[in-house]
Amino acid sequence: MSRTPLDTVEHAAATPDVELPWAELGLKKDEYERVVEILGRRPTGAELAMYSVMWSEHCSYKSSKVHLRQFGEKAPESEAMLVGIGENAGVVDVGQGYAVTFKVESHNHPSYVEPYQGAATGVGGIVRDIIAMGARPVAVVDPLRFGAADHPDTKRVLPGVVAGIGGYGNCLGLPNIGGEVVFDSCYQGNPLVNAGAIGVMRHEDIHLAKASGAGNKVILYGARTGGDGIGGASILASETFDDAKPSKRPAVQVGDPFQEKLLIECTLEAFAEKLVVGIQDLGAAGLSCATSELASNGSGGMRVTLDDVPLRDSTLSPEEILMSESQERMCAVVEPEKVDRFLEICEKWDVIATVIGEVTDGDRLEIYWHGGKIVDVDPRTVAHEGPVYERPYARPSWQDELQADDANKLPRPATSDELKDQVLKLVGSPNQASKKWITSQYDHFVQGNTVLAQPEDSGMIRIDEETGLGVAIATDGNGRYAKLDPYHGAQLALAEAYRNVATTGAKPLAVSDCLNFGSPEDPAVMWQFAEAVRGLADACQQLGTPVTGGNVSLYNQTGEVAIHPTPVVAVLGVIDDVARRTPVAFQEDGQLLYLLGDTREEFSGSAWSQVVHDHLGGLPPQVDLERERLLAEILISASRDGMIDSAHDLSDGGLIQAVVESALLGGKGARLVVPDGLDAFTLLFSESAGRAIVAVPRSEEVRFNDMCGARGLPATRIGVVDGDSVELQGEFAVSLEDLRKAHEETIPALLA
Amino acid sequence: MTARIGVVTFPGSLDDRDTQRAIRLAGAEPVALWHKDKDLKQVDAVVLPGGFSYGDYLRAGAISRFSPVMETVIEQAKAGLPVLGICNGFQVLTEAHLLPGGMLGNDHLHFICRDQKLRVENADTAWTSDYSAGQEIHIPLKNMDGRYVADQYTLDKLEAEGRVAFRYLDFNPNGSLNDIAGITNEAGNVVGLMPHPEHAVEPLIGSGRTDGLPFFTSILKKLVNV
């Protein structure tokens with residue numbers, strides 16, 4: 001863009017015929033025409049830059065918005081909800097005056113282009129969302145999905161992503177307490193790097209992203225603005241990868257966790273002294289987003305002098321400054337008399353802080369550069385009134401055939417030896433194998449409040465040392481189930497995360513989600529998306545757990561091939577006293593193993609069908625949300641009243657996977673018997689939902705059984721914790737040593 | 001009367017609050033010290049906590065060593081002030097030449113976080129007297145640059161003088177020479193180690209063990225002459 005003469009608002013009005021590069025910036029023709037219509041003239045270069053990033057799929061949710069509304073419309077009554085969808089992150093009440101904010105976001109595309117920095121800045125971004133709510137970040141979780149474990153490119157992407165998450169999160173001092181690692185060739189060209197964070201604050205400390213009060217100052221603080229990440233949201237995250245285009249590497253941002261750690265401390269200190277009226281982090285779309293969001297959520301307008309923005313590169317144009325996604329920056333609105341103190345705190349932490357503008361009486365966002373006005377817009381048209389698409393959607397023609405290809409018809413093991421071989425194959429398969437090689441690269445101890453961390457069913461953090469109040473979080477998703485049936489697949493993801501929280505003894509309260517799908521321009525993908533959102537919204541309503549916020553990542557596809565639809569669901573729970581938490585590991589020989597819930601012949605989409613037959617077809621396990629709720633109530637009561645010493649949810653891999661994990665973590669074996677009405681194969685590998693195994697001390701057996709009986713939850717005794725092998729009576733026994741070898745050597749062998 | 005133990009916060013310190021908690025749980029009074037402030041507030045001992053001070057973009061601990069607070073810490077440590085360096089704090093102590101040797105990147109090139117088995121080799125220092133020599137303990141370890149190195153002369157001297165305070169057992173997590181996890185100075189008032197005792201002070205939290213608590217009870221007993 002030419003800068004002689006400066007493309008001011010005045011200049012734009014006088015030169016209506018100047019061609020602007022709207023297509024290169026990712027805008028469609030009708031979108032550009034809409035901008036012209038809104039402004040009543042052609043936009044200036046700077047205005048075009050702002051509209052193009054803010055109206056991108058990533059920032060505007062233009063394809064997903066019409067569906068996402070259901071999360072609000074179907075939101076269950078919940079006394080816990082303090083701040084809902086639309087802010088940087090949702091906030092829930094967890095009691096004793098504490099509020100917890102949490103959110104999951106995607107950083108998929110950058111992590112494929114540049115795994116280390118892509119993943120690192122994903123952590124940085126979600127953590128700034130948490131700080132912007134007024135909270136101290138207390139933990140992170142990372143649901144990850146990669147291509148086939150033995151594919152050469154996985155060895156490029158995975159170690160980089162893991163090192164990036166560790167490099168950034170460890171340096172920030174945030175314990176990494178959960179997440180997932182899943183391999184499937186559908187993610188080969190589109191790995192999913194989702195990042196979640198939790199923060200804790202007192203109720204009165206909640207902060208919002210709004211600029212109010214004419215005369216209040218707008219302060220930009222944190223890192224200097226550079227040329228990195230320009231167009232990250234519009235170019236990188238909102239298009240399909242295509243080999244023909246030039247490298248997108250420069251669109252990835254570069255992270256500096258040390259700077260972010262300083263940003264956390266100085267922001268929290270400013271909050272503690274009540275210096276901040278409104279606050280917004282700079283993430284996707286950088287200053288364009290921060291200024292337009294703050295201004296449009298507040299009561300007035302805003303005037304910004306772009307010349308005052310501290311730069312890393314003095315040659316940047318105003319358009320580039322507005323679009324830059326340089327990391328570790330925040331924008332605060334501060335009353336004039338408090339500005340000095342705010343700047344003092346920033347100086348204490350060696351953080352650069354600059355007043356770049358102020359809140360005005362009007363309703364316009366005006367931005368100046370070299371004395372000329374280069375932006376004059378209604379901020380709402382930038383931040384909230386972007387295009388909304390009713391994308392066409394249609395059930396794919398192949399869906400019926402896929403669902404007809406039932407995995408229950410696949411050949412099953414004919415002999416005890418074959419059954420045993422399949423058990424070893426399953427627990428040693430990349431998806432079911434121990435992820436210790438990955439999680440040991442993350443700090444789970446820092447802050448000194450970690451009660452449970454992976455591979456536990458949910459991560460748990462103590463938030464009050466006196467009372468023992470704690471929160472738990474679990475994230476789950478199953479792209480294979482969702483491919484077979486997106487509506488129920490999304491519900492199964494929620495059910496699993498809900499169950500995982502309850503298994504550790506915490507009460508599920510609220511939901512955040514990260515919806516990873518292919519191109520919205522493909523009606524089949526759009527159908528998957530619409531079905532998944534409908535399923536999730538319905539299930540949240542039924543379980544009483546509102547969606548508090550989240551993120552949509554579209555265009556996860558390479559050429560014509562989309563990833564499996566992959567809604568990842570995070571459930572947050574609360575526990576009154578973390579001393580009552582229930583771990584996965586078997587604790588004591590002689591304790592009785594009970595299977596809770598109903599086991600049916602449900603193998604479609606299962607880990608068994610994938611590992612043994614490389615098969616995907618049929619219908620996923622049935623969803624019974626009332627059963628999930630009952631199971632959760634039983635697990636929470638049993639944990640609170642000391643009736644169980646360990647518990648593990650049953651999900652992918654079925655019962656045998658759960659028993660092997662509990663046995664290896666506890667260093668204690670188990671003897672199992674096949675209960676009446678089931679066969680050995682179904683007992684071990686079925687993936688029926690709404691189930692868990694628990695270890696009950698003998699002294700508690702009667703009380704536990706009475707409780708399950710009275711509430712109508714099937715509880716079947718299936719064995720006992722004992723010895724140093726896992727044995728299925730009449731079928732096989734495998735030593736813990738052999739199981740450990742199978743379970744723990746797979747991932748290092750593939751990736752170390 | 002109890003002891004006042006200072007915990008220095010450098011920019012990028014991460015385990016400063018955790019260390020203050022551990023000091024409190026041991027029965028002493030934690031005192032926050034600030035890297036820009038030379039004043040040690042008349043504390044009876046100092047802990048340099050873990051973290052990534054100044055981002056550790058240069059050699060770990062290399063910049064913190066020159067911070068104002070370290071001028072006083074170095075001067076007083078030489079005069080006998082008890083100083084404990086944990087992880088990044090250990091790195092700062094070697095950079096400050098209060099302890100010999102230095103730390104390189106882990107030999108496997110990854111960050112490592114695990115519950116690590118150690119043997120207490122020297123139970124006569126200010127920070128280890130509540131252990132017994134030869135005692136085996138588990139303390140969480142988490143670092144990127146934990147590989148202890150020194151020249152052969154220094155290693156021989158450390159071994160001969162019994163100044164290896166802790167040794168990794170069963171598994172050397174980072175390639176440290178002689179399996180060294182922690183060392184002491186000649187006087188026994190300055191101790192540095194890579195593992196994190198402050199993460200092993202409560203039965204429910206972190207590793208679920210309390211094997212790290214004796215660090216803080218050792219110094220408390222020494223200071224209040226129990």
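**Strand pairing and the chain contact**

Modeller: A:S512 stands opposite A:A570, a residue of strand β21(A). Please bear in mind that this is a predicted model.

Biologist: What makes β18(A) a partner of β17(A)?

Modeller: The count is 6 bridges, in the parallel sense, between β17(A) and β18(A), residues 547-553. One bridge partner in β18(A) is A:V552, which faces A:L515. The chain passes from β17(A) to β18(A) through helix α20(A), residues 523-543, in a right-handed β-α-β crossover.

Biologist: Why is β17(A) called largely enclosed?

Modeller: A residue is buried if 20 or more other C-beta atoms lie within 10 Å of its own. In β17(A), 9 of the 10 residues are buried, so the strand is largely enclosed by the rest of the structure.

Biologist: What makes up the side of chain A that touches chain B?

Modeller: Contact is assigned where C-beta atoms lie within 7 Å, and 25 residues of chain A are in contact with 23 residues of chain B. Elements giving two or more residues to that side of chain A are α8(A), α10(A) and β14(A); the largest share, 4 residues, comes from α10(A). By type, that side of chain A holds 11 nonpolar, 10 polar and 4 charged residues.

Definitions and conventions:
Residues numbered from 1 in each chain as written. Chains lettered and ligands numbered in written order. Predicted model: local features only at pLDDT ≥ 70, side-chain atom pairs only at ≥ 80, totals over all residues. Buried ≥ 20, exposed ≤ 12 C-beta atoms within 10 Å, placed from the backbone. Pairing = 2+ DSSP bridges. Right-handed = clockwise from strand over helix to strand, strands pointing away. Contact = placed C-beta atoms within 7 Å. Nonpolar A, V, L, I, M, F, W, Y, C, P; charged D, E, K, R; others polar.
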